[in-house]
Amino acid sequence: MTTDVVEEEAHLTLPAATVEAGRLRFASPGDADQALRLGAFNLAVPEDLDVSAGLAFCRTFYQPATGGPGDRHRGHREHGHPESKLGYEDRPDQVEQLQLESFLWQRYLPDEVTAVLRRMRELTLDTLYGVFDAAGIPEEDRELVTGGARQDTGLCYTTVNHYRTGLSDRAGIVEHSDSGFITTICTDQPGYEILHEGRWTPVRERAGHFTVNLGDAFRVLTRKLPRPVTAVYHRVPELPSDADTPDRSSFTIYMGPRYDMFLYQYDTEGRLRRFQDFRAFSVEKAGKLGYEFHSRV
Ligand SMILES: O=C(O)CCC(=O)C(=O)O
Ligand SMILES: [Fe+2]
């Protein structure tokens with residue numbers, strides 16, 4: 001008798017959390033520990049949040065403008081977004097992306113998309129504060145290190161990603177860590193992988209959940225604390241073109257320091273110190289990874 005051995009690629013299941021009445025709750029204390037160590041976890045999509053307008057926008061933003069000048073669903077490749085320091089980017093991987101600061105959503109995006117993003121911004125803020133709790137960051141320091149995330153005076157933006165499967169011989173999105181404190185990702189398909197114990201590992205999708213990444217600003221802040229946070233290295237490998245499957249979409253909410261601020265770090269005695277100018281840090285990081293830093297920042 002022969003036994004068929006099905007080689008299955010090892011998938012990783014991320015720890016899970018929910019936000020209830022504005023407070024982040026991990027499924028267990030073990031999930032909280034693992035989330036900080038991995039720098040990634042799943043966050044339940046609240047029952048009253050319908051993300052479909054956001055995913056629909058991922059499938060139209062790059063299309064040529066057709067409607068009147070007021071059509072904010074399309075035409076973002078050519079738009080220019082003069083008010084934004086970020087805007088549209090045709091990247092060297094499969095992704096073309098639109099990045100817009102939160103104070104510009106109302107101006108440039110369809111109303112129903114702005115509504116979804118605002119709700120996700122609230123959720124991301126509650127989640128950030130929950131991770132600060134888990135990492136032991138004193139409440140009185142949070143305004144300073146985030147530049148006022150609660151008042152929306154830090155840097156908050158959305159990234160809208162279209163994975164162009166027609167472009168072959170390039171990654172979906174190249175490996176990177178996110179630069180800020182936190183990124184909440186909503187996607188319609190698997191593909192997200194993290195570097196885990198030295199191996200690129202696909203992450204199992206958890207239905208009804210966002211993926212949350214913790215970034216460089218968190219890693220720097222907590223490096224010398226008893227519970228250091230990892231800035232998760234992540235990527236999406238090249239996605240094949242498939243007539244039966246629409247191109248992969250994702251959109252995110254990012255929160256980090258403003259580029260005119262400092263990154264901070266606790267020393268071994270727990271004293272908060274300036275670490276590095278965040279813009280200089282970002283330019284240096286872009287240089288190491290071989291890409292151009294936003295020319296308008
Ligand atoms: O699309 C994804 O799953 C990840 C996107 C991402 O890493 C980013 O926008 O920084
Ligand atoms: Fe990312």
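How many helices and strands does the secondary structure of the protein come to? Seven helices and 15 strands.

**Figure 1. Overall fold of the predicted model.** The secondary structure comprises seven helices and 15 strands. The radius of gyration is 19 Å, close to the 19 Å from the globule rule for 297 residues, so the protein is as compact as a globular protein of that length. Along the principal axes, the C-alpha trace spans about 70 × 60 × 40 Å. Of the 297 residues, 38% are buried. Among contacts between residues at least 6 apart in sequence, 73% join residues at least 24 apart.

**Figure 2. The largest nonpolar core.** This core has 67 residues. L128, L214 and M255 have the most contacts inside it. Helix α4, residues 111-135, gives the most to the core, with ten residues. In soluble globular proteins, nonpolar side chains tend to be buried together.

**Figure 3. Surroundings of M255.** Leaving aside residues up to four places away in sequence, M255 touches T124, L128, A149, G154, C156, G180, F181 and I182. Both M255 and L128 are among the residues with the most contacts inside the largest nonpolar core.

**Figure 4. A21, a residue with positive phi.** Most residues other than glycine have a negative phi. A21 is not a glycine, yet its phi is about 50 degrees. A21 sits in the loop between β1 (16-20) and β2 (23-26). A21 counts as exposed because it has 6 C-beta neighbours inside 10 Å, and the cut-off for exposed is 12 or fewer.

**Figure 5. H81, a non-glycine residue with positive phi.** The phi of H81 is near 40 degrees. H81 lies in the loop between α2 (52-58) and β4 (87-90). With 18 other C-beta atoms within 10 Å, H81 is partly exposed.

How values were computed. Residues numbered from 1 in each chain as written. Chains lettered and ligands numbered in written order. Predicted model: local features only at pLDDT ≥ 70, side-chain atom pairs only at ≥ 80, totals over all residues. Core = buried A, V, L, I, M, F, W, Y, C linked by C-beta atoms within 7 Å. Buried ≥ 20, exposed ≤ 12 C-beta atoms within 10 Å, placed from the backbone. Helix = DSSP H or I, 4+ residues; strand = E, 2+ residues; numbered from the N terminus. Contact = placed C-beta atoms within 7 Å. Rg over C-alpha atoms; globule rule 2.2 N^0.38 Å.
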